Protein chains: 2
Amino acid sequence: MFRKRTNAEEAKRLFLKEIGSIHGTEILRIEECDGRVIAEDIVADTDVPHYRRAAMDGFAVRASDTLGAGRDAPVALKLGKNMEKGVCMRVHTGSPVPEGADAVVMLEDAAVHGDTVEIFAQIHPFRNVGEIGEDIEKGETIIKNGHKLRPCDIAVLASLGIDSIRVFRRPAVAIIPTGEELVHRGIRELKMGEVYETNGLMADLYIKKWGGITKLHDIVTDDPEKIKDAIDSNLDADMIIISGGTSVGKRDYVPGVVKEMGKLIAHGVGISPGKPTALGIIRGKPVVCMPGYPVAGIVALFYFARPGLRKLGNLPDDPDRVISAVLAEKIPSRTGYKTFVRVKIDNGRAVPLAVSGAGILSSVSKADGFVIIPENIEGLNAGEEVDVVLIE
Amino acid sequence: MFRKRTNAEEAKRLFLKEIGSIHGTEILRIEECDGRVIAEDIVADTDVPHYRRAAMDGFAVRASDTLGAGRDAPVALKLGKNMEKGVCMRVHTGSPVPEGADAVVMLEDAAVHGDTVEIFAQIHPFRNVGEIGEDIEKGETIIKNGHKLRPCDIAVLASLGIDSIRVFRRPAVAIIPTGEELVHRGIRELKMGEVYETNGLMADLYIKKWGGITKLHDIVTDDPEKIKDAIDSNLDADMIIISGGTSVGKRDYVPGVVKEMGKLIAHGVGISPGKPTALGIIRGKPVVCMPGYPVAGIVALFYFARPGLRKLGNLPDDPDRVISAVLAEKIPSRTGYKTFVRVKIDNGRAVPLAVSGAGILSSVSKADGFVIIPENIEGLNAGEEVDVVLIE
């Protein structure tokens with residue numbers, strides 16, 4: 001039994017408090033920067049556009065020449081090559097507005113007859129003219145240090161002619177699966193008591209999805225010395241995730257090893273499934289010990305490893321994809337635990353996958369998302385509207 | 001002026017109707033399959049677990065031996081190596097439950113004294129025993145053809161010992177930026193009337209983010225023959241995105257070329273910004289003509305190219321990330337247009353970035369998301385609660 005259970009949010013707070021964000025950076029071509037966090041302010045060294053541009057296809061004019069023009073009282077201007085009083089010049093959307101012109105008459109407000117253009121509308125100065133720097137002004141800080149770049153941000157960088165930028169390096173995460181029952185796929189048939197390793201693989205793929213780079217360690221058997229060696233050889237990573245061996249049984253050495261090598265922040269947390277999660281810090285490196293039971297493991301990944309990775313990587317807390325649904329059946333939960341209930345979405349209803357314990361990996365695969373029940377609530381009733389956090 | 005404006009949803013429906021999903025597949029190692037769509041049913045060829053496993057650390061017993069046991073009336077069993085009446089055996093979470101045992105007593109309900117174990121609780125048969133196939137039953141279809149794989153699904157595949165699977169190939173999208181004003185970055189300084197190409201780059205990055213693979217064509221000038229050649233040389237792609245030249249000006253050749261080479265589904269759609277969007281099909285290949293104005297272009301990408309790509313790639317309609325906010329200011333919109341209003345989130349308020357027209361790329365970069373106003377509504381008032389669709 002766990003002597004102490006740390007409240008979920010408190011455990012997360014204590015864990016994140018110990019994590020410092022990465023300062024290291026690298027320079028990349030902007031094409032490679034989708035999803036990366038910029039590590040510099042971008043100050044525009046030029047105006048965009050760097051010339052006055054037409055906002056419409058039409059005719060550049062001096063607005064004063066169109067005074068009194070209307071549908072029934074067109075003003076005739078000469079179609080010219082140089083701007084002067086009484087002259088207009090053809091322009092296209094985005095093309096320069098010639099010096100001397102101060103407005104653009106839309107095509108539909110004009111009619112061309114040889115080298116004369118009839119203008120059917122009086123126009124104000126600056127109308128349909130994009131001024132220099134209307135998009136970006138020279139000297140403006142256009143993207144701030146710490147922003148997570150989207151394709152539209154990268155397009156802005158391109159509009160300034162920028163080719164490469166400084167971004168924070170991605171957090172490196174070492175993943176250590178432990179358990180004497182674990183076998184790598186593809187080596188041999190399973191014997192009695194053996195299972196294929198899945199938690200390390202799953203952690204590896206989630207960390208990559210969330211913006212980290214990974215190093216998946218070989219399976220380590222339940223031996224404190226070997227666990228210690230594996231941790232020791234991975235302290236060059238920014239975070240260590242250990243799977244398995246986190247409970248309080250005879251073979252559960254991981255929390256003890258973490259405590260011996262560094263500091264155990266929590267062991268036994270108020271999440272369900274996921275209670276045997278342990279959190280620690282070893283020589284400044286955060287350590288997430290995810291329970292071997294795969295459903296408990298995934299909850300620990302989402303609830304602790306993901307925010308830890310984000311803090312390390314200067315990444316923002318992107319909100320989850322959430323859909324609301326009506327609960328199809330009553331779901332029980334234990335007070336004192338933040339409870340993650342696997343549900344399937346069926347026609348706007350959230351159907352709990354109730355059959356399954358924390359050891360049933362396939363139940364996560366069958367689920368579309370989690371309904372998260374707070375600690376102070378004892379279950380939810382059928383018919384209640386709930387938010388389903390989709391499992392990504 | 002556009003002679004005809006197609007309603008946004010109608011245009012999307014007509015466009016998607018013409019798109020067939022890709023049948024082509026490839027075989028990949030499961031480690032590479034996050035976000036990919038599986039192209040086969042996975043039927044379990046084994047039970048998981050393939051043995052009865054202990055769900056707890058403790059002692060395997062015959063439940064009948066614990067009859068009447070309690071805190072004050074322990075039952076003494078012999079700690080043995082072979083299961084028989086009156087004997088118990090040590091087990092760990094996940095380890096095999098020996099034949100003859102039918103339940104596992106938790107550690108905390110037992111006390112060991114030499115080779116005797118006191119049991120403090122009466123236990124029912126099957127208690128704390130995971131049956132063979134409790135996670136996955138042999139013969140069960142565990143993942144269905146067409147499912148988009150998440151790391152937790154890949155872990156399930158791993159639990160079955162599966163190494164590689166068949167997935168749909170990713171849609172190949174050719175992107176053709178057009179416009180005589182466009183210049184590639186890094187070649188030379190801009191002259192009067194020139195801008196750097198950004199829409200093609202942005203489309204390229206979004207298509208990759210959404211699960212496609214891309215081929216970014218060189219810039220094509222506003223010449224119908226050259227546009228035709230560029231399309232012609234890219235008809236091996238699954239979709240073509242052309243940027244620019246979609247309006248109704250003298251230099252806007254793209255919709256005409258699409259019409260000449262195939263079928264123009266819509267030109268002029270009820271989205272704002274994005275009205276000059278054109279949609280077509282050329283020899284079975286969907287063509288999205290995004291307006292050159294970058295904000296209009298991004299709306300066309302999100303509203304037409306993304307669902308087109310998903311249909312091609314057998315990808316599900318993942319819901320957007322949405323947050324609700326209170327509108328800080330009134331926003332106008334034109335009835336008849338689905339209007340995409342750029343907003344910044346500030347302290348739970350959605351602040352419209354009202355300054356900016358469709359040509360102001362930086363306004364998208366400054367925005368956190370769009371508030372989407374339906375066609376039949378004339379603007380929204382300050383104080384209204386709105387959904388903000390985050391720009392990814």
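Copies of a chain are superposed here by least squares on the C-alpha atoms of residues with pLDDT of at least 70 in both. The structure is a predicted model, in which local features need pLDDT of at least 70 and side-chain atom pairs count only at pLDDT 80 or more, while totals for chains, interfaces and linings use all residues. Residues are numbered from 1 along each chain as its sequence is written, and chains are lettered from A and ligands numbered from 1 in the order in which they are written.

Two copies of a chain are related by a rotation about an axis and a shift along it. For this model, chain A is superposed on chain B by a rotation of 180 degrees with 0.0 Å of shift along the axis, at an RMSD of 0.0 Å. The two copies are thus related as by a two-fold rotation axis. Among the residues of chain A, A:Arg321 comes closest to that axis, its C-alpha being at 2.5 Å. The same surface serves both copies, in that 98% of the contact residues of chain A recur in chain B, two residues being in contact if their C-beta atoms, placed from the backbone, lie within 7 Å.

Between the chains, 66 residues of chain A are in contact with 65 residues of chain B. On the side of chain A that touches chain B, at least two residues each are supplied by strand 11 (141–143), helix 2, strand 15 (195–196), helix 3 (199–209), helix 6 (294–312) and helix 7 (361–366) of chain A; helices (H or I, at least four residues) and strands (E, at least two) are DSSP runs, numbered from the N terminus. The largest share of this side, 8 residues, comes from helix 2 of chain A. By residue class, the side of chain A that touches chain B divides into 31 nonpolar, 18 polar and 17 charged residues, where Ala, Val, Leu, Ile, Met, Phe, Trp, Tyr, Cys and Pro count as nonpolar, Asp, Glu, Lys and Arg as charged, and the others, Gly among them, as polar.

Helix 2 of chain A (residues 151–159) is mostly covered, with 9 of its 9 residues buried; a residue is buried if 20 or more other C-beta atoms, placed from the backbone, lie within 10 Å of its own, exposed if 12 or fewer, and partly exposed in between. Just after this helix, A:Gly161 takes a positive phi of about 80 degrees. In helix 2 of chain B lies B:Ala158, which is buried, with 23 other C-beta atoms within 10 Å. Leaving aside neighbours within four places in sequence, B:Ala158 is in contact with A:Arg185, A:Tyr196, A:Thr198, A:Leu201 and B:Ile30. A:Lys209, found in helix 3 of chain A, counts as partly exposed, with 14 C-beta neighbours inside 10 Å. Not counting residues up to four places away in sequence, A:Lys209 touches A:Glu392, B:Asp34 and B:Pro151.

Within chain B, helix 4 (residues 224–232) and helix 5 (residues 254–261) pack at an angle of about 55 degrees, with their axes 10 Å apart. The contact is made by B:Pro224, B:Ile227, B:Lys228 and B:Ile231 of helix 4 and by B:Val254, B:Gly256, B:Val257 and B:Met261 of helix 5 of chain B. The residues of this contact divide into 6 nonpolar, 1 polar and 1 charged.

Technical notes. Axes are lines fitted to C-alpha atoms, for helices over the stretch in contact, and angles run from 0 to 180 degrees between N-to-C directions.
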